[in-house]
Amino acid sequence: MRLRLVVVFGAVALTAAVSASGIAYWLNREAVLTRTQDSTLNDFRQEMQNRAAELPPRPRQSDLQSTAEQMAAAGPNYDVLLIDERDKGKPIVGVSDPDVFTLDDVPASLQHAVNDRLEVSAGNPYPYHLFWQRTERDGTPYLVGGTRIIGGGPTGYLFKSLDQERADLNSLAWSLGIATALALVGSALLAQAAATTVLKPVRRLGEAARQLGEGKLGTRLRVSGTDELADLSRTFNRAAESLQKKVADMSAREESSRRFVADMSHELRTPLTALTAVTEVLEEEAESLDPMIAPAVTLVVSETRRLNVLVENLMEVTRFDAGTARLVLDDVDVADQVTACIDARAWLDAVELDAERGIMARLDPRRLDVILANLIGNALKHGGSQVRVAVRTEDDALVIEVRDHGPGIPEDVLPHVFDRFYKASASRPRSEGSGLGLSIAMENAHIHGGGITAANVPGGGAMFVLRLPRDGSEAAGRDREEESGEEGDAP
């Protein structure tokens, strides 16, 4: 925008300066030439009347020469040439300076006009007139004029150099050119000042918008004046204030929802603990119960366990949403960690493990166990056995692949597999899972500074790929800095 303003100002100034200079030059040129021309021609006419008209009817060449020299000396720096006839058909010429002016310097058209006798009428009382013409010789401009004495007498011509006038006009042209250049420079400086004046509020507005986009909702612009930019700043402040209020309301509602879920989950744990204990007793006595009651007891046991898992998952999700989840790092052998996860859940016969011992990583063992349990359990539930788990390293990253040989994931489901409570089939709103497992796995990967991707394998089945940094110290450090920052911002 700054460049555009400079270009526009420069173009306008250049156009105006060139136009004004051109007009001024043309007007001055005409004024200078007309003034010189009129002064010279009037003086020449007067000299022809006073001196050339007094010559005898048959003048001698010396008389013409003397009169021409007298006329040139009395005139404003021009040369004179006089022509007359001593006898019929015998012309004589008198020139003030034959080295400067001769009859050859007079254009033929001018000689013809001067010698052409006009018919006397009411509109033309004289048979001869004074004619003039501008010519150029060797690059120098000249004024040539001529007339005849009415009633008999010599024909006179004048020859005046216009070199001084040309020099004056050239000086004027240079002055106008310098003025045009100064106007162009001045317009550029003015455009720069105008651009600074206009763009400074725009830059402030852009910086404020950037800060607002970064989450600094208290950003406001200082408003002064009543122009359009001031109105724009006021509009921005009103929009920022409205946005801050809406975000605050949403944050309050979200915080209230999280607190409700956390409180509800916490309050449910006590009765769930009692229910779990009762269901364990009922499960042990299931074989001795009445056959009519046993199915109900089995349903109560399974639903109680499912509710217990759901409450635990809700508590975990609440910790992630509240930002209180933290890493507890330890150096672990990844192969041993994966084996322990599979063994603890009795999946050894259903899982094929491809992992070399000795691959060390610094991470949170409990959270890695949660990730693996969710990924492997999801593969066993939807893809069946065998599930293959492969562990490898790529530079400073740990890569764990979990692949099943089932039907794969529908293409419309792939973008939502990590969404909370997402069900692949609307006809099966209930399932053994809580709908939070893969979401929790992704959150645990993110807190390590990694992530999980899901895709279908061309040979059949689905594959989940977990990527974590082999050293989670940087992610843990960021968590500590955020926690310190939050504590420091508190009033």
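This report describes the core, salt bridges and surface patches of a predicted model.

## Basis

The model is predicted, so local features need pLDDT of at least 70 and side-chain atom pairs count only at pLDDT 80 or more, while totals for chains, interfaces and linings use all residues. Residues are numbered from 1 along each chain as its sequence is written, and side-chain values use heavy atoms, with hydrogens and water left out.

## Nonpolar core

The largest nonpolar core has 39 residues, and I376, I400, I452 and L466 touch the most other members. Such a core is a set of buried Ala, Val, Leu, Ile, Met, Phe, Trp, Tyr and Cys residues joined through side-chain atoms within 4.5 Å. Elements that each supply at least two of its residues include helix 7 (334-344), helix 8 (365-383), strand 10 (397-403) and strand 12 (462-469). Helix 8 gives the largest share, eight residues. Helices (H or I, at least four residues) and strands (E, at least two) are DSSP runs, numbered from the N terminus.

Helix 9 (437-447) also supplies at least two core residues. Nine of the 11 residues in helix 9 are buried, among them L438, I440 and M442. Buried means under 20% relative accessible area, exposed over 50%, and partly exposed in between (1.4 Å probe, protein chains only). After helix 9 comes G449, with a positive phi near 90°.

## Salt bridges

There are 17 salt bridges in the structure, each defined by a side-chain nitrogen of Lys or Arg within 4 Å of a carboxyl oxygen of Asp or Glu. One of them joins D336 and R357 at 2.1 Å, N to O. D336 lies in helix 7 and R357 in the loop between strand 7 (351-354) and strand 8, 21 residues apart. D336 is partly exposed at 32% relative accessibility, whereas R357 is exposed at 62%.

R392 and E401 also form a salt bridge, with their closest N and O atoms 2.4 Å apart. R392 is partly exposed at 30%, and E401 counts as buried at 17%.

## Surface patches

L14, V18 and L184 make a nonpolar surface patch of about 230 Å². Patches consist of residues with over 30% relative accessible area and no salt bridge, with like charges joined within 9 Å and nonpolar side chains (Val, Leu, Ile, Met, Phe, Trp, Tyr) within 5 Å. L14 is in helix 1 (residues 2-50) and is partly exposed at 38%.

How values were computed:
Accessible areas come from the Shrake-Rupley method with a 1.4 Å probe; for residues, only the protein chains shown count as cover.
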